[in-house]
Amino acid sequence: MSKVRILIVLGMGATALALGACVRPTQAASPSFDCAKVSGRAEELICGDRELASMDVEATRLFRLVHDSTRQPEAEKEKLNRDHARWVKVRDECWIADDIRNCIIASYAVRIHSLRQHYAEARTSDNKGITRGPFELRCKDMKQPVRATLIQSDPPVSTVQLPDSVHVGIGSGKRYVERDVDGEELAVWTVGNDSVLKLPNGAKYSCVMK
C-alpha cells in the first residue's frame with residue numbers, strides 16, 4: 001500500500017505529508033454541505049475558505065458520478081458509502097494538525113486522485129469540474145510510471161503517486177512543489193507534455209506526460 005505523507009498522523013493509518021508553501025485562505029464560498037449545520041473545526045474552515053470549498057465540491061461531484069452510476073450494483077454503492085464516511089472522518093481529524101488548512105488540502109487532493117484513478121465514471125464530465133488525470137509520467141531511467149492528478153484550484157494542487165508513496169504539492173506557474181519542515185521534498189515541472197520530476201532523495205528525471 002502506498003504511503004501518504006501528511007502533516008500529522010491521522011486515525012486511518014496515514015503517515016505525515018508535507019505540502020507546498022503555506023497558502024493564505026481566501027474568501028468564503030459554498031461547499032457541498034450546509035454551512036449552517038457544520039460539525040467540527042474542519043468544516044468551519046472549509047465554509048470560510050474559497051479554495052477548500054471548491055475542492056470539497058469537486059470531491060463530492062466525483063463521488064456522486066461514481067455512486068450514482070447505473071453500472072454500480074447496490075453492494076458496490078454501499079461499499080462506496082462506507083468508504084466515503086471513513087474518508088470524511090479522516091478529513092475531520094485534521095483539526096488536530098499543526099496546519100489544519102494544509103492537512104485538509106492534502107485529504108481532498110488524495111481523495112480526488114483516488115476516485116479518478118480507480119473509477120472510470122469519475123473521469124467523465126470533466127468540463128463541469130476542476131480536475132484532470134491521473135496522467136502517467138513516463139520517466140527516463142524509472143522502471144515504473146508515476147501517476148499525477150492536477151486540481152485547478154487557486155492556487156492549483158497536484159497529487160503525485162510514486163510506487164510506495166503519495167505526495168501533494170502546491171502549484172506556482174508550471175511548477176508544483178511539496179515541502180517539509182526542512183525545505184523542498186518533491187517537485188514537478190510541466191511544459192506541455194514534457195515534465196521534470198525531482199524526488200525527495202534529490203534525484204531528477206525527465207518525463208513525458210501521457
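**View 1. Ser107, a buried residue of helix α4.** At 10% relative accessibility, Ser107 counts as buried (under 20% relative accessible area, where exposed means over 50% and partly exposed lies in between, with a 1.4 Å probe and protein chains only). The residue is found in helix α4, where helices are DSSP runs of H or I with at least four residues and strands are DSSP runs of E with at least two, numbered from the N terminus. Leaving aside neighbours within four places in sequence, Ser107 is in contact (heavy atoms within 4.5 Å) with Trp87 and Arg91. This is a predicted model, in which local features need pLDDT of at least 70 and side-chain atom pairs count only at pLDDT 80 or more, whereas totals for chains, interfaces and linings use all residues. Residues are numbered from 1 along each chain as its sequence is written, and side-chain values use heavy atoms, with hydrogens and water left out.

**View 2. The packing of helix α3 against helix α4.** Helix α3, residues 74-92, packs with helix α4, residues 100-118, at an angle of about 160°, and their axes are 9 Å apart; the axes are lines fitted to C-alpha atoms over the stretch in contact, and angles run from 0 to 180 degrees between N-to-C directions. The two helices, α3 and α4, are therefore roughly antiparallel to each other, a term for angles over 145 degrees, while those under 35 count as roughly parallel, 65 to 115 as roughly perpendicular and the rest as oblique. The crossing of α3 and α4 is right-handed, as applies if the near helix is turned clockwise from the far one by less than a right angle, and left-handed would be anticlockwise. From α3 the contact is made by Asp83, His84, Trp87 and Arg91, and from α4 by Ser107, Tyr108 and Arg111. By class, this contact of α3 with α4 has two nonpolar, two polar and three charged residues.

**View 3. The disulfide of Cys35 and Cys47.** The sulfur atoms of Cys35 and Cys47 are 2.0 Å apart and form a disulfide (a pair of cysteine sulfur atoms within 2.5 Å), and with -95° about the S-S bond this link is left-handed. The pair links distant parts of the chain, 12 residues apart, with Cys35 in the loop between β1 (3-4) and α1 (41-47) and Cys47 in helix α1. Cys35 is partly exposed, with a relative accessible area of 32%, whereas Cys47 counts as buried at 12% relative accessibility.

**View 4. The disulfide of Cys94 and Cys103.** Cys94 is joined to Cys103 by a disulfide, S to S 2.1 Å, and the torsion about the S-S bond is about -70°, so the disulfide is left-handed. Cys94 counts as buried at 0% relative accessibility, and Cys103 is buried with a relative accessible area of 1%.

**View 5. The disulfide of Cys139 and Cys207.** Cys139 and Cys207 are joined with an S to S distance of 2.0 Å, and with 100° about the S-S bond their link is right-handed. This pair links distant parts of the chain, 68 residues apart, with Cys139 in strand β2 (residues 131-139) and Cys207 in strand β9 (residues 204-209). Both Cys139 and Cys207 are buried. The structure holds three disulfides, and when the bonded cysteines of the protein are numbered in sequence order the pairing is 1-2, 3-4, 5-6.

Terms used. Ala, Val, Leu, Ile, Met, Phe, Trp, Tyr, Cys and Pro count as nonpolar, Asp, Glu, Lys and Arg as charged, and the others, Gly among them, as polar.
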